[in-house]
Every structure is written in structure tokens, then in C-alpha cells.
Amino acid sequence: MKAVIDRIEGDLAVVLIGEKGELKLNFPLSYLPEGSKEGDVLKISIERDLTATQETKQRVSGLMNKLKKKGQSGMIKD
Amino acid sequence: MNKSIFGRVLLAALIIAILTSAVLASENLTVYFWDVGQGDSELIQFNNKNVLIDASTEDMGPRVECYLNGIGVSSLDLLVATHPHSDHIGGLLTVLNDFPIRQVLDSGQEHTSQTFENYLNLIDQKNIPFEVAKRGQTIDLDPALDIEVLSPPATHFTDDALNQNSIVLKVTYENVSFLFMGDGGTAAETNLLSSGYNLDADILKVGHHGSSSASSAEFLRAVTPSVSVIEVWEGNEYGHPTARTLTALQNTGSAIYRTDRDGSIMVTTDGEGITVAKVQSRCSNLVSSNTISSTASVPATASSTISASSDGPFVASSKSDKYHYPTCSAAKRIKSSNLITFASSAEARAAGYSPCSICHPP
């Protein structure tokens, strides 16, 4: 995906993303490679991380089940 | 005065004070619809008990906490997380950290966001009793209040699942009902219509920030609210609320309140009438600012009479934390650019102001 650092405002890099630079995102400089400066063209790639998604789902499911088993205060009745 | 008579007078005064506060506390149900940017947060207050529904985004947590502190809430009897989206549960992380909470009611839906995982972890660490919402449950907060879970149904929705499976609550106090829709949309509404529930309500927390995915005309005809409240931020990029939703609400004859224009809204009822007030609060300056004051009254409907609360007006400075009679010497020194007006002492106190020690307002 095409991206250009339009300018630096303090600790933020204003990055214009897309063929026409239609999406503007303010990146903290700490999120960008060292030495990034105004006018740099960036390479941005986004991938779906299916492994991490699956791992997160399992972790959250485990937590939810743990909480359900702890029971409740008696205020809510079926 | 001899000691025993003095003692009896003191005791009588004490009993009267206790009885008065008990009667006052048990007579009014108050619901706050907080101004929390692009997200939802509502507080139900009755007989010294507090139920918080959602707390908007994570950056709004401190603001929700400020609102609660401002009206003297130090613990919650129930925390309701309508669904796992960050504009509803983000601010709950602050609330879970800082307030004792007796019980959490969750939608039971799982989400992969770090915000949701942090929320579950906090509930686990604090050992807060956790219950999953399902249609037909009742919440035993106070014998005078009926609270029922209308949604999600036993079989969850699969499209737009997190929103559609939002917890929907109906709260009824004598002749006045509130319907809290979360982000439930037309699928949830259609299901509710066919469920046989009486959906008629006086006050509607409009579903999904007034988007067109909710508030079907058929559903609104069944609810026929007198007052509709939309929780929304003026700068939102999603087009909320849509013109279609606003028109649909107007067609039911409902008065419409919006947190983007009106700030926080306080609805008070004694079980018969409804009072709607705009809450002036310094908390709204946390994260972003929004300053509107004054009380508005709403056209009365057959089922409820609505009046403005009446012991005011009182004034205050946005730079101070005291409220005054307009005639107070201290009030006259307030610059007009800082001047805030409250319709009642309750409104002033709800906004975090305390009585001036010169003019002693109620």
C-alpha cells in the first residue's frame, strides 16, 4: 500500500495512505522506522493473522468459561 | 433545657431526618445518559443503588468516573456491559479498577480485542460475580423496581452478531418505563416484536447511536417513547444519528435529546411524571469540552406528565465548584462568560457543585 510522510508535527508523522493519499493517519514517530522523515515513501502491508486470531479466540473463551464457573451474586434470576 | 428533653428532641429530629431521607430516596428513579463522546454510558439510580450500563471508549473512563464521583457514587451494585465493542466497554476498565462492583452482567459474546480481554481479566482478578444475560432474566435490585432482560434471545443472532446480541433492558417503576437498546438493531427489534413483550416505554435509549441499522418504524410504533435519547459525538465519522432515524423518532411524537448537542441528560421520575434536565458538569471538560445549560420540558403525553424541576434557578461559575442564588453577593462577581445556570439544586449537585456557604442554597 502506498504511503508518504507528508510532514512531521511534533512527535507525530502525518502519513498519507492510498493511491491518492486519501487516508490520513497520524503516526507517533516511535511507531515508524528510525530516521523516518518528511517526504519518505513508506511500504505498508496488512495481512490477516489467522493464527493469532485463533489463539486469541481460545484465550478469551477460556477466560469467559472461567468467569461463568465462578457464579454470581444472586441478584439476577432466570 | 434539661438533658432528657434535649435528648428526646434530638432523637425526634434524627428520626424525622432519617424518615425524610428514606422517603425521598425511595420515591425517585433517576437515569443519567452521560455525554461520553462517541460511545454509550448510562447510570440508573434508585434508593441508593446504582447500575452502570457501559462506559464508552477507554479514553472516556476518567470522565465516567468524574461523573459518578460528582453525584456521590462510590460503588456499583451492577455493571452491565451491553456488548464487547470498545465504544461501550473501553471506559469500564477505569471503572472496574476504581469502584467496588457487586455483580457484572455480560452479553456472553466473545471478542478478540485487547480491550475485551483486559475487561475479562480485571473481572477475574477482582473476583466480581459474573453473569451472562439471557432473555427473561429479572434483576432484583429493589422490590419497587422491575428490571427485565429482553435480549439477547436464547438463539443468538449470527449477522452483525456483537451489536444485535446487545443486552436490552426494560426498567419499570410504577407507570414509567425505560428501554435501553444498547447497539441492538433491526434484527433484534424484529425479534423483540415477535417475542410478545410489551415494548411500550416512556424513555428510549435509542439503539446504535441513532444509526439507520436500528430504530425501524414498526419498532418505534410499539415503543412510542415520549423521550428518546441518542448517545453520540458531534465529530463522529459514521454519520450518526442519520436523518432517517431522526425522522422516524419525530414521527412517533417523541422529544429527542442528543448528547452531542444537549450534553449529559438526567431523567427523573416518581413513577408517574418525568422530568428531563440537561446536566451541566465540569467532567465534560475531561478529554473534550461541551457546555450547554438550562432545563427543558417535554410535551406531556397521556401516560405521563412532565414538568420542569422547580427550586431554582441557581447560578455558578465554570471556574468554581459552588452554586448560588442569583442574588448572592458571590454570584454577582461571576463573569458572564463563566456563568452557568441550573434549573434546580438537584441539577447543580448532579453536576458536581456544592452549596455556597454565603447564601446557603438548598
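Author: Let's start with the helix pair. Helix H1 (residues 50–70) of chain A packs against helix H5 (residues 114–125) of chain B at an angle of about 30°, and their axes are 10 Å apart. Because of that angle, H1(A) counts as roughly parallel to H5(B); the labels are roughly parallel for angles under 35 degrees, roughly antiparallel for over 145, roughly perpendicular for 65 to 115, and oblique for the rest. The axes are lines fitted to C-alpha atoms, for helices over the stretch in contact, with angles running from 0 to 180 degrees between N-to-C directions. Helices (H or I, at least four residues) and strands (E, at least two) are DSSP runs, numbered from the N terminus.

The crossing of H1(A) and H5(B) is left-handed, meaning the near helix is turned anticlockwise from the far one by less than a right angle (clockwise would be right-handed). On the H1(A) side, the contact is made by A:Thr56, A:Arg59, A:Val60, A:Leu63, A:Met64, A:Lys66, A:Leu67 and A:Lys70. H5(B) brings B:Phe116, B:Glu117, B:Leu120, B:Asn121, B:Ile123 and B:Asp124. Contact here is heavy atoms within 4.5 Å. Sorted by type, the residues of this contact come to 7 nonpolar, 2 polar and 5 charged; Ala, Val, Leu, Ile, Met, Phe, Trp, Tyr, Cys and Pro count as nonpolar, Asp, Glu, Lys and Arg as charged, and the others, Gly among them, as polar.

A quick word on what you're looking at: this is a predicted model, where local features need pLDDT of at least 70, side-chain atom pairs count only at pLDDT 80 or more, and totals for chains, interfaces and linings use all residues. Residues are numbered from 1 along each chain as its sequence is written, chains are lettered from A and ligands numbered from 1 in the order in which they are written, and side-chain values use heavy atoms, with hydrogens and water left out.

Now for the rest of chain B. Its secondary structure comes to 11 helices and 19 strands, and of its 362 residues, 55% count as buried. Buried means under 20% relative accessible area, exposed over 50%, and partly exposed in between (1.4 Å probe, protein chains only). Among contacts in chain B with a separation of 6 or more, 67% come from residues 24 or more positions apart. The chain is divided into domain 1 (29–307) and domain 2 (312–362), with bounds taken from an automatic or database domain assignment. Their C-alpha centres lie 29 Å apart, and the contact takes 13 residues from domain 1 of chain B and 13 residues from domain 2 of chain B.

A few single residues are worth a stop. B:Thr245 sits in helix H9 (residues 243–251) and counts as buried because its relative accessibility is 0%. Leaving out residues up to four places away in sequence, B:Thr245 touches B:Val206, B:Gly210, B:Ser211, B:Ser212, B:Ala214 and B:Ser215.

B:Asp260, in helix H10 (residues 259–262), is buried too, at a relative accessible area of 8%. B:Asp260 and B:Gly37 are 223 residues apart in sequence, yet 7.4 Å apart in space, C-alpha to C-alpha. For another pair, take B:Ala277 in strand E15 (residues 274–279), which is buried at 2%: B:Ala277 and B:Gln38 are 239 residues apart in sequence and 21 Å apart in space, C-alpha to C-alpha. B:Met60, from the loop between strand E3 (49–53) and helix H2 (61–70), counts as buried at 5%. B:Met60 and B:Asn198 are 138 residues apart in sequence and 34 Å apart in space, again C-alpha to C-alpha.

Last, the backbone. Most residues other than glycine have a negative phi, and most peptide bonds are trans. Against that background, a cis peptide bond joins B:Ser151 and B:Pro152, with omega about 10°; B:Pro152 lies in the loop between strand E8 (146–151) and helix H6 (161–164). Another cis bond joins B:His240 and B:Pro241, with omega about -10°, and B:Pro241 lies in the loop between strand E12 (227–230) and H9. B:Glu174, in the loop between strand E9 (168–173) and strand E10 (176–180), has a positive phi near 50°. B:Thr224 has a positive phi near 35°, lies in the loop between helix H8 (217–223) and E12, and counts as partly exposed at 40% relative accessibility.
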